Amino acid sequence: MEETSSLIISQATGKALDKIWDKFKESVLYRYSRYRSLRFFYTFLGIYKEEIEADDFENRIFTNDKLEKILQDDNKSEIIFEAYRRVAFSASKDLGPAIIGLLTSELILENRFATEEEERIFQAAESLSDQELIEFERHCAKEFEEGQDDFELELDKKWIDSNWNKNEQVYISPVNLGSVLGTWALKLKNIGIVTEFTTDKTTEYFEDSERHIDEDGEVREIKSFIKIDHEYNKLCKLISRSRDYLNFKQ
């Protein structure tokens with residue numbers, strides 16, 4: 001009798017969990033994955049359609065046949081599938097999927113796979129939230145210009161004088177990117193878009209009574225920087241294009 005009761009309770013619990021799971025899928029998984037997917041799809045299709053119509057002077061119509069040809073091409077369908085996978089797990093609701101859509105349309109139009117730098121851009125679009133993407137754009141858009149060298153930003157500076165207390169221990173620790181710049185910098189460092197480096201310059205000085213320098217010595221100047229290669233200016237531009245395309249304001 002007890003076994004029968006336990007079985008009934010177990011079945012009832014199972015049915016209740018199934019209902020909760022169905023509601024969870026509908027309210028959470030389907031709702032938010034669908035929203036992201038539509039952001040990606042409309043951006044991808046919109047840009048692709050614009051480019052096709054611009055080149056097709058005889059027939060400026062984007063037909064289902066043209067989309068069908070994309071899906072039948074092994075390489076192009078693989079690119080779209082990989083893009084869709086990224087969109088499904090995107091931390092960003094709006095800009096990330098749109099960036100993935102813009103870059104995917106470029107690859108399809110040029111009939112090629114992503115470069116190493118573009119793969120990192122895809123990772124950034126997947127990993128960063130909308131706010132983090134905007135903060136990255138604000139930091140870099142002003143610095144990057146067409147043809148400009150790599151973007152470098154000084155974060156910290158320290159001096160060490162040889163005539164300071166020689167028994168004093170000087171701490172030289174890495175800069176906390178999350179505190180100084182934001183979580184976008186930490187994520188882009190892990191992806192490989194942001195790199196850190198340090199410069200260490202030593203300058204000698206000599207005893208000079210007029211300048212109140214009592215003895216010879218030297219000063220070490222230690223600076224901490226981040227560097228973003230100019231290839232990733234493309235990410236800034238994609239964020240800007242996505243904001244314009246979606247009329248996104250935040």
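Welcome to a predicted model, in which local features need pLDDT of at least 70, side-chain atom pairs count only at pLDDT 80 or more, and totals for chains, interfaces and linings use all residues. Residues are numbered from 1 along each chain as its sequence is written, and side-chain values use heavy atoms, with hydrogens and water left out. Helices (H or I, at least four residues) and strands (E, at least two) are DSSP runs, numbered from the N terminus.

**Confidence**

- The chain has a mean pLDDT (the predictor's confidence in each residue, from 0 to 100) of 79, and 74% of its residues reach 70 or more.
- Confidence is highest in helix 5, at 96, and lowest in helix 1 (residues 2–55), at a mean of 61.
- Residues 57–61 have a pLDDT below 50, and this stretch has five contacts in the model beyond near neighbours in sequence; contact means heavy atoms within 4.5 Å.
- Where pLDDT is low, the predicted coordinates should not be read in detail.

**Helix 4 with helix 5**

- Helix 4 (residues 95–110) and helix 5 (residues 116–127) have axes that come within 8 Å and cross at roughly 155°; axes are lines fitted to C-alpha atoms, for helices over the stretch in contact, and angles run from 0 to 180 degrees between N-to-C directions.
- The two helices are therefore roughly antiparallel to each other (angles under 35 degrees count as roughly parallel, over 145 as roughly antiparallel, 65 to 115 as roughly perpendicular and the rest as oblique).
- Helix 4 passes helix 5 in a left-handed crossing, a term used if the near helix is turned anticlockwise from the far one by less than a right angle, with right-handed used if clockwise.
- On the helix 4 side, the contact is made by Gly 96, Ile 99, Ile 100, Leu 103, Thr 104, Glu 106 and Leu 107, while helix 5 brings Glu 118, Ile 121, Phe 122 and Ala 125.
- By class, this contact of helix 4 with helix 5 has seven nonpolar, two polar and two charged residues (Ala, Val, Leu, Ile, Met, Phe, Trp, Tyr, Cys and Pro count as nonpolar, Asp, Glu, Lys and Arg as charged, and the others, Gly among them, as polar).

**Helix 9 and its partners**

- The axes of helix 5 and helix 9 (residues 233–246) come within 10 Å and cross at roughly 45°, which makes helix 5 oblique to helix 9.
- Here Glu 118, Ile 121 and Ala 124 of helix 5 touch Lys 234, Leu 235 and Leu 238 of helix 9.
- Helix 4 and helix 9 pack with their axes 9 Å apart, at an angle of about 110°, which makes helix 4 roughly perpendicular to helix 9.
- The crossing of helix 4 and helix 9 is right-handed, and the residues of their contact divide into eight nonpolar, one polar and four charged.

- Three strands form an open sheet in the order 1-3-2, with antiparallel pairing; two strands pair if DSSP finds at least two bridges between them.
- Strand 1 (151–161) and strand 2 (194–205) are the edge strands, each pairing on one side only.
- Strand 2 pairs with strand 3 (residues 217–228) over twelve bridges, and Thr 198 stands opposite Ser 224 in strand 3.
- Strand 1 and strand 3 pair over ten bridges, and Phe 151 has Ile 228 in strand 3 as its bridge partner.
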